[in-house]
Amino acid sequence: VWYHKPAINEELLQSLPNLKVVASSGVGIDHLDLKLLSSYGVKVSNTPFIVSTDTADMGMTLLLASSRRLVEGHEMAVSPDTEYFPVDWLGVEVSGATLGIVGMGTIGYKVAERAKAFEMKILYHNRNQRKKEEENAVGAVYCKKIDDLLQQSDFVLLAVNLTPQTHKLIGKRELELMKPTATLINISRGLVVDQDALVKALQNKVIKAAALDVTYPEPLPRDHPLLKMKNVIITPHIGSATKKTRWVMMEEMAESIEAGLAGHPVPREVL
């Protein structure tokens, strides 16, 4: 399965009685009905670990690009109408700012490692608190309540899996808890954010900006208001899109398929 296609539904499963394994690219499995697949005796694998480094890099890329208004700056620099660069065209500081990471799994932790190098203060919210030595290694402080993280952070970065519990995790209430100077960064799944609430929050200056590698749907309709906002950066879900990582993802998928067909334990099986 690549980019959620083909759709693994009951009709497809009934048409493939000898199907043994579904190998899915990437980490997220929200597009797969695991109970349905299991009822047909089909095993599922994904490629959860290889994508983490590149996706963490993407998170920092979006944070830096948004804070320094990189896209706007590029447009100004190349515009045929530009006669001078205004001295009062300013971004915001990253060094010393507070980063709140929602979801401190493998990707979230790698983001924290990068943010430490930028001398950021790091808060995180997770289902479970990390070990003290892991927290100390990146200087991260655990927030048991997401509200505490939202209220204190200059940048809020989402790195959670999409589950029923995280569906529209960030909505109107959560956005209003954030600082009016804060930026929301999403490298997880579009449906983790209530997109309509985000549009209103940006329009009404409830928060300063957003940097999104994921939306819903993908791509957005060409007349969507997010596409017209100067304080929004959107990239085409490219968190894991480097040559090396995509190659290894395909190798791991093939390895899982071969194991499943041979009746061997499936590497990286999703249980």
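How far apart do the end C-alpha atoms of residues 2-270 lie, and how much of the span is helix and how much strand? The distance is 16 Å, and the span is 36% helix and 13% strand. Colleagues, please keep in mind throughout that this is a predicted model.

I begin with the record. An unreviewed UniProt entry assigns residues 2-270 the annotation "domain: D-isomer specific 2-hydroxyacid dehydrogenase catalytic". UniProt also places "domain: D-isomer specific 2-hydroxyacid dehydrogenase NAD-binding", again from an unreviewed entry, at residues 60-239. For residues 60-239, the end C-alpha atoms are 11 Å apart, with 32% of the span in helix and 16% in strand.

Which residues does Leu198 contact, once its neighbours within four places in sequence are left aside? They are Leu175, Leu184, Val193, Ile207, Ala210, Leu212 and Leu226.

Next, helix H3. This helix covers residues 52-67, and at 1.5 Å a residue its 16 residues should span 22 Å; the end C-alpha atoms are 23 Å apart, which agrees. Is H3 enclosed or open to the outside? Of its 16 residues, 12 are buried, so H3 is largely enclosed by the rest of the structure. Among the buried residues are Asp54, Ala56, Met58, Leu62 and Leu63. Following H3 comes Arg69, which has a positive phi, near 55 degrees.

At least two residues of the lining come from each of H3, helix H4 (70-78), E8 and strand E9 (232-234). H4 supplies the largest share, four residues.

I now come to the backbone. Most peptide bonds are trans, and most residues other than glycine have a negative phi.

As for phi, Tyr3 has a positive value of about 55 degrees although it is not a glycine. Tyr3 sits in the segment before helix H1 (10-15) and is partly exposed, with a relative accessible area of 46%. Arg268, in the segment after H10, has a positive phi near 60 degrees. At 24% relative accessibility, Arg268 counts as partly exposed.

Finally, H10 itself, residues 243-262, contains Ala254. Is Ala254 buried or partly exposed? Its relative accessible area is 33%; since buried means under 20% and exposed over 50%, Ala254 is partly exposed. Ala254 and Gly103 are 151 residues apart along the chain, and their C-alpha atoms are separated by 29 Å.

Thank you for your attention.

Notes:
Residues numbered from 1 in each chain as written. Predicted model: local features only at pLDDT ≥ 70, side-chain atom pairs only at ≥ 80, totals over all residues. Heavy atoms only, no water. Expected span 1.5 Å × (residues − 1). Buried < 20%, exposed > 50% of the residue type's maximum accessible area, 1.4 Å probe, protein only. UniProt positions renumbered as here; feature names shortened; annotations may be inferred. Contact = heavy atoms within 4.5 Å.
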